[in-house]
Amino acid sequence: MQTKTLKTLQVLAKIGRILSTIVFILSIVGAALCALGIPSLALIPEGFRIGDVTIRGLVEQKAGWTLSTCYLALTQGLILCAGEAVLAKFAERYFKNELAAGTPFTFDGAKELMRLGILAICIPIGTAIVAAIAHGIFNVAAKDVADPNLDNSTSIILGVMMIVGSFLCRHGAEVSEKPAE
């Protein structure tokens, strides 16, 4: 028998699976657009023209970014989007398995949520390190590189919450397996 709370948890898991899928798709699209943007900047010297205005001119004037900073931002965007895609795929798999189990209170589910929490901490840190290395390389290669200031620290808080949640789910699995006294 499903309780009202368990039904709510299952609805939230369905929403989580859908949102994870959407984030995965958007991250792949974002990474692909960044990957296409890098050679586009090199192959189209003036950039895309709309009337008398070029996209490059808008970016340079409005954002105050040089061409080197644009290359850096696209490179960092590619790195961060790739990391988000990996994390979203793990989240999607967690929610799919949780829905198949019918409850978050299983030992396998708690273990998978723990792994997801650790990944939610480690992947953003790893991508931030790689993005910082890219920034260092661009700084050496071109002196006019600004810091695009791409922040992805909120995932660390979410990761800690998932780890705490995994302990709650493991406790629920332990309680449900205990024989009634």
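Buried here means under 20% relative accessible area, exposed over 50% and partly exposed in between (1.4 Å probe, protein chains only). The model in these views is predicted, so local features need pLDDT of at least 70 and side-chain atom pairs count only at pLDDT 80 or more, while totals for chains, interfaces and linings use all residues. Residues are numbered from 1 along each chain as its sequence is written, and side-chain values use heavy atoms, leaving out hydrogens and water.

View 1. Glu 92 is buried at 18% relative accessible area, whereas Lys 89 is partly exposed at 38%.

**View 2. Glu 112 pairs with Arg 93 in a salt bridge.** Their closest N and O atoms are 3.7 Å apart. Glu 112 belongs to helix α4 and Arg 93 to helix α3, so this pair ties together parts 19 residues apart in sequence. Here Glu 112 is buried at 9%, and Arg 93 is partly exposed at 40%. The whole structure has 2 salt bridges.

**View 3. Met 162 has several contacts beyond its sequence neighbours.** Leaving aside residues within four places in sequence, Met 162 is in contact (heavy atoms within 4.5 Å) with Leu 113, Leu 116, Gly 117 and Ala 120.

Conventions
Salt bridge = Lys/Arg side-chain N within 4 Å of Asp/Glu carboxyl O. Helix = DSSP H or I, 4+ residues; strand = E, 2+ residues; numbered from the N terminus.
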